[in-house]
Amino acid sequence: METYTTDDALTAMGFGKFQALVLVYAGTGWLADSMELMLLSFVGPLVRQQWNVSAQHESLLSSAVFTGMLIGACSWGYISDKYGRRTALLFSIILTTGAGFLSALSPNYISLIVFRFLVGIGVGGTHVFSSWFLEFVPAKNRGTWMIVFSVFWTIGTILEASLAWVVLSRLSWRWLLAFTALPCFLLLLLFVIAPESPRYLCVQNRISDATLVLERMAKTNKVALPPGVLTYHKETQLVDHNPLTSQNGHLPVRDNDCAPDNAMSSKSGGIAALRKLFSRKLLRSTLLIWFVWFANSFAYYGLVLLSSQLSDANRRCTSGQKSEGQQKNANLYKDVFITSLAEFPGLVISAIIVDWFGRKATMWILLFGCCAFLGPLAVHQKESLTTALLFGARACGMGSSTVLCLYAPEVYPTSARSTGVGIATAIGKIGGIVCPIIAVGLLRSCHQMEAVVVFELVLGLAGVACILFPVETKGREMK
């Protein structure tokens with residue numbers, strides 16, 4: 001009997017119209033995530049002014065969002081691996097949309113913090129979009145398509161800055177909150193057409209459902225599936241009780257095959273996924289991915305903050321004068337545009353080399369490149385040179401983060417993919433929380449060299465960690 005795997009089917013179909021639609025849907029989720037994060041740059045000062053909130057209490061708004069994202073990143077990954085990608089996506093979208101609109105109606109600051117905390121939990125599930133998307137993409141050029149997917153993040157940052165520029169000059173911050181929730185509302189309306197991942201369905205032994213999804217893909221792409229019966233690698237099973245294994249290592253599966261495995265995976269899939277992350281085979285990869293994700297998030301949010309804090313610190317520390325606290329909104333929008341545009345070169349560079357040099361080499365090259373751009377900033381530089389160096393560092397940082405978002409889902413098997421990426425994303429959020437305390441604190445106390453040294457140390461160690469990754473996933477089938 002002829003057989004074929006999910007990878008065989010995806011390779012035969014190529015990247016067609018169906019995957020393009022999945023890309024747009026998942027990319028919109030990524031865009032919504034970046035918009036919700038960029039929102040904090042604009043809303044905080046306005047809320048502080050309207051409700052006379054202290055500077056210390058103003059920071060609670062960002063802390064609540066990041067805390068929610070940390071909780072959500074772990075929770076939605078677990079839900080995704082146990083109950084399905086669509087289930088995790090649906091409830092995270094509902095929570096983000098509902099809490100987003102309700103936050104626009106907040107009667108006081110405490111209720112606003114609560115609603116934004118809930119938004120953070122919902123947004124914490126956006127990493128499922130990347131895993132879900134990659135499970136529809138053939139191995140060939142998977143890296144390039146992940147880079148294209150990441151462009152949606154940059155578009156979101158620019159879109160949010162544009163939206164703030166238009167809305168806040170005419171309406172209140174409440175309207176900005178409502179408009180920012182619209183992309184998630186659009187995802188909710190279109191959710192009915194979002195398919196379940198065929199890889200996840202195979203792991204759950206729902207072979208007929210997986211076949212239907214693949215047939216739908218083939219029909220949309222106007223190609224034929226390989227002849228034979230859909231099979232899956234025995235490695236993807238949580239437990240393999242079937243002794244009848246074919247010579248090529250594949251098991252032909254029917255709906256009634258491996259029923260005990262299916263029952264067990266539905267009850268303890270999340271626990272089994274956690275155990276797999278810390279198995280001897282994946283432990284080293286897991287720990288290194290956690291650290292690199294922490295470092296990338298630390299660097300990304302730090303570079304955003306450095307763009308606005310470094311020039312201010314230069315003026316205060318060199319002249320001994322206090323910087324003026326009042327800035328025109330136009331300058332804030334301009335800074336966001338410039339730093340966001342820096343991400344495009346990083347995406348282009350990573351797209352060019354990720355399938356050439358591989359995932360590991362691309363990450364450590366970009367991380368060490370980021371170190372090289374930041375190095376001269378240990379001492380005061382002219383504003384134009386400072387901007388150029390930060391531009392280069394932001395490009396390298398964005399490229400490295402994007403490749404990491406590709407590498408991690410490729411390392412983990414389908415049964416533990418969302419859990420693994422979710423926990424790594426949560427570790428990254430800790431980096432985003434810690435970074436402002438260290439970077440901004442050192443800069444405001446005129447310790448610019450020390451602040452840059454911290455960034456250099458974190459990024460340098462992350463580059464070494466990338467070299468130590470045990471596997472290269474370029475061109476490898478997703479397990």
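Me: How do the axes of helix H2 and helix H8 cross, and within what distance do they come?

Reply: This is a predicted model, where local features need pLDDT of at least 70, side-chain atom pairs count only at pLDDT 80 or more, and totals for chains, interfaces and linings use all residues. Residues are numbered from 1 along each chain as its sequence is written, and side-chain values use heavy atoms, with hydrogens and water left out. The axes of H2 (residues 17–51) and H8 (residues 173–180) come within 10 Å and cross at roughly 160°. That makes H2 roughly antiparallel to H8. The crossing is left-handed.

Me: What are the cut-offs behind those terms?

Reply: Helices (H or I, at least four residues) and strands (E, at least two) are DSSP runs, numbered from the N terminus. Axes are lines fitted to C-alpha atoms, for helices over the stretch in contact, and angles run from 0 to 180 degrees between N-to-C directions. Angles under 35 degrees count as roughly parallel, over 145 as roughly antiparallel, 65 to 115 as roughly perpendicular and the rest as oblique. A crossing is left-handed if the near helix is turned anticlockwise from the far one by less than a right angle, and right-handed if clockwise.

Me: Which residues in H2 and H8 meet?

Reply: From H2, Met35, Glu36, Leu39, Phe42, Val43, Leu46, Val47, Gln50 and Trp51; from H8, Trp173, Arg174, Leu176, Leu177 and Thr180. Contact means heavy atoms within 4.5 Å. By class, this contact of H2 with H8 has 10 nonpolar, two polar and two charged residues. Ala, Val, Leu, Ile, Met, Phe, Trp, Tyr, Cys and Pro count as nonpolar, Asp, Glu, Lys and Arg as charged, and the others, Gly among them, as polar.

Me: And H7 with H15, at what angle do their axes cross?

Reply: Roughly 175°, with the axes of H7 (residues 142–167) and H15 (residues 343–353) coming within 9 Å. H7 and H15 are therefore roughly antiparallel to each other. The contact of H7 with H15 has seven nonpolar, four polar and one charged residues.

Me: New topic. Is Phe129 buried or exposed?

Reply: Phe129 is buried, with a relative accessible area of 2%. Buried means under 20% relative accessible area, exposed over 50%, partly exposed in between (1.4 Å probe, protein chains only). Phe129 lies in helix H6 (residues 127–134).

Me: What is Phe129 in contact with, leaving aside its neighbours within four places in sequence?

Reply: Tyr25, Ala26, Gly29, Leu89, Ile93, Phe149 and Leu187.

Me: Where is Ala295, and what does it contact beyond four places in sequence?

Reply: Ala295 is in helix H13 (residues 283–319). Ala295 is in contact with Val458, Leu459 and Ala462, leaving aside neighbours within four places. The relative accessible area of Ala295 is 0%, so Ala295 is buried.

Me: What about phi at Asn205 and Lys222?

Reply: Asn205 has a positive phi of about 65°, and Lys222 one of about 60°; neither is a glycine. Most residues other than glycine have a negative phi. Asn205 lies in the loop between H10 (198–203) and H11 (207–221), and Lys222 in the loop between H11 and strand S2 (229–233). Asn205 is buried at 5%, whereas Lys222 is exposed at 78%.

Me: Last one: how many helices and strands does the chain have?

Reply: The chain has 19 helices and three strands. Of its 479 residues, 54% are buried.
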